[in-house]
Amino acid sequence: PPPISMTRAYATRSVSQGFPLIALTTLVASLSLVFIFTIQSEGQGNLATSTPLVAQRGVSVPVKCGSFSPKTFGRATEMYGRPMERFGAMSPGIHGNPGVKGGSATMRARRGLSVNAEIKPAVIIGTGRVGQALKEMGSGDDILLGRKDEWPASAPEGPIFVATRNNDLDDVIEKVPENRREDLVFMQNGMLQPYLEKKGLENATQVLVYFAVAKLGDKPTDGITDMNPEGLTAAHGKWAQAAADRFHNAELSCKVLDKKPFEAAMFEKLIWICSFMLVGARHPGATVGDVESKYTEEVTNLIDELASAVPGVEFEPKLAERLLAYARSVSHFPTAVKEFEWRNGYFNELSKKAYMSASSTDPCPTHSAYLAEIGVGKVIPFPFEGYKEHVTDEEIREQDEILSIFEAKREEENRKKMEKKKQMEEKRKMEREKAESVRQEREVHEEQTTKARQLEMAKTAAEEETKRSRRKAGAGSGSSPL
């Protein structure tokens with residue numbers, strides 16, 4: 001049977017185990033008690049019958065409820081929500097992971113029911129698709145800022161969602177007052193932890209976003225798969241629950257995870273984006289769906305390799321299957337290796353450290369080879385000391401061929417850069433010569449204009465002098481005695 005909301009699940013448990021429905025009696029006084037009821041929020045606290053679901057035990061019979069105030073509805077939801085925290089382990093599909101908090105709220109949102117939670121007013125930095133969508137999920141009291149906007153004096157004391165590109169994070173953090181930086185909520189793709197540690201924000205709230213917004217103003221599409229129908233979006237940190245409440249308000253899933261489960265989920269997403277984008281880049285024009293269906297073995301092997309390279313993290317079984325399932329849900333996405341330092345750069349660094357230690361083999365040899373093939377990242381100069389003991393001559397030859405191709409590509413790129421640089425220098429030279437010619441013409445024109453003005457002034461002065469002389473001569477002859 002499909003997962004059911006916390007209210008339905010608790011009512012079913014209560015009836016099936018003979019618990020008295022005192023709370024329900026208070027809520028729907030004057031109505032008869034039945035085996036199960038369904039609550040759906042419509043408008044301002046109006047409760048009405050919805051299509052009954054088949055309960056995990058027994059039969060589902062709906063109760064038609066009247067109109068209640070938001071306060072009463074909130075108390076009812078809280079009343080039935082709390083027992084689920086105790087009985088969650090006995091309700092399959094709601095609390096499947098001991099590291100998950102608030103799973104019942106997630107399932108309530110996934111079934112299209114309103115989540116009775118206060119949406120914290122927030123500052124949202126980033127006016128793109130995700131930033132606008134976050135504002136639409138709120139209560140109307142949020143402040144939306146562009147990357148270059150000044151920090152508002154009236155900023156609410158709540159979460160600060162950062163919905164910008166990774167390369168804008170320095171400017172964003174600098175803008176936020178130091179005493180408010182603990183409220184930052186980072187939603188970017190890639191490996192953020194080393195960067196956050198450098199900034200002293202290692203405990204900042206992070207969200208692994210699996211919903212997609214196709215274009216500005218569109219309603220977000222939840223990231224659910226045939227292997228994870230409960231949804232994949234997850235959050236951890238101070239404002240994790242506030243983020244989850246906001247997403248639930250838009251009928252999007254979100255799990256609030258403890259540190260260890262979140263770390264594993266974070267690496268799963270990193271492995272997904274690094275493996276699918278890299279394999280796709282090897283096959284120009286390939287979409288995520290092409291990688292999943294046409295290059296399954298290739299991407300599966302890379303997933304397994306990258307998972308084995310991550311230190312100190314244990315993944316749940318069927319990792320590759322889960323990531324392939326997610327790929328099917330976004331099969332139309334294009335592939336490209338982007339934001340390298342935040343994504344594939346993490347595994348490239350693991351390879352570099354292994355090389356520099358000269359004591360172990362490359363933990364990500366396929367990853368290194370693929371990067372070399374497409375000419376991205378810093379190629380590891382294999383073989384290093386002791387490397388030959390762990391690989392065959394044929395593998396070394398293949399690596400040499402890949403490096404040779406990379407060198408040829410790099411040489412061609414350098415040639416094109418030099419040619420472009422030369423063209424730019426010639427263009428700048430022509431522009432300078434043109435500017436010099438214009439300047440000289442202007443000087444000649446100004447000189448000619450000055451001379452003409454001086455001649456005109458001299459001519460005018462001479463005419464004035466002649467007039468004065470004539471008047472003087474005339475005045476002198478008129479005063480002579482007869």
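Modeller: Start with two residues of helix α9: W272 and F276 are four residues apart there, about one turn of the helix. Keep in mind that the model is predicted.

Biologist: How is a pair of aromatic rings described?

Modeller: The distance of the centres and the angle of the planes describe such a pair. For W272 and F276 the values are 5.3 Å centre to centre and 25° between the planes, a stacked pair.

Biologist: Are W272 and F276 buried or exposed?

Modeller: W272 counts as buried because its relative accessibility is 7%, under the 20% cut-off. F276 is buried too, with a relative accessible area of 0%.

Biologist: Which kind of aromatic pair do W272 and Y326 form?

Modeller: An edge-to-face one, with 5.0 Å between the centres and 70° between the planes. This pair links distant parts of the chain, since W272 is in helix α9 and Y326 in helix α12, 54 residues apart. Y326 counts as buried at 10% relative accessibility. Together, Y210, W272, F276 and Y326 make up one aromatic cluster.

Biologist: What sits over the ring of Y210?

Modeller: The charged end of K269, 5.0 Å from the ring centre.

Biologist: And how should I read the core?

Modeller: In soluble globular proteins, nonpolar side chains tend to be buried together. Here the largest nonpolar core has 44 residues, and W272, F276 and I303 are among those that touch the most other members. Helix α9 gives the most to this core, 14 residues.

Biologist: Which residues is I303 in contact with, leaving aside neighbours within four places in sequence?

Modeller: Its contacts include I271, F276 and L323.

Methods
Residues are numbered from 1 along each chain as its sequence is written. This is a predicted model: local features need pLDDT of at least 70, side-chain atom pairs count only at pLDDT 80 or more; totals for chains, interfaces and linings use all residues. Side-chain values use heavy atoms; hydrogens and water are left out. A nonpolar core is a set of buried Ala, Val, Leu, Ile, Met, Phe, Trp, Tyr and Cys residues joined through side-chain atoms within 4.5 Å. Buried means under 20% relative accessible area, exposed over 50%, partly exposed in between (1.4 Å probe, protein chains only). Contact means heavy atoms within 4.5 Å. Rings of Phe, Tyr and Trp (its six-membered ring) pair if their centres lie within 6.5 Å; planes under 30 degrees apart count as stacked, over 60 as edge-to-face and the rest as tilted. A charge sits over a ring if NZ of Lys or CZ of Arg is within 6 Å of the ring centre and within 35 degrees of the ring normal.
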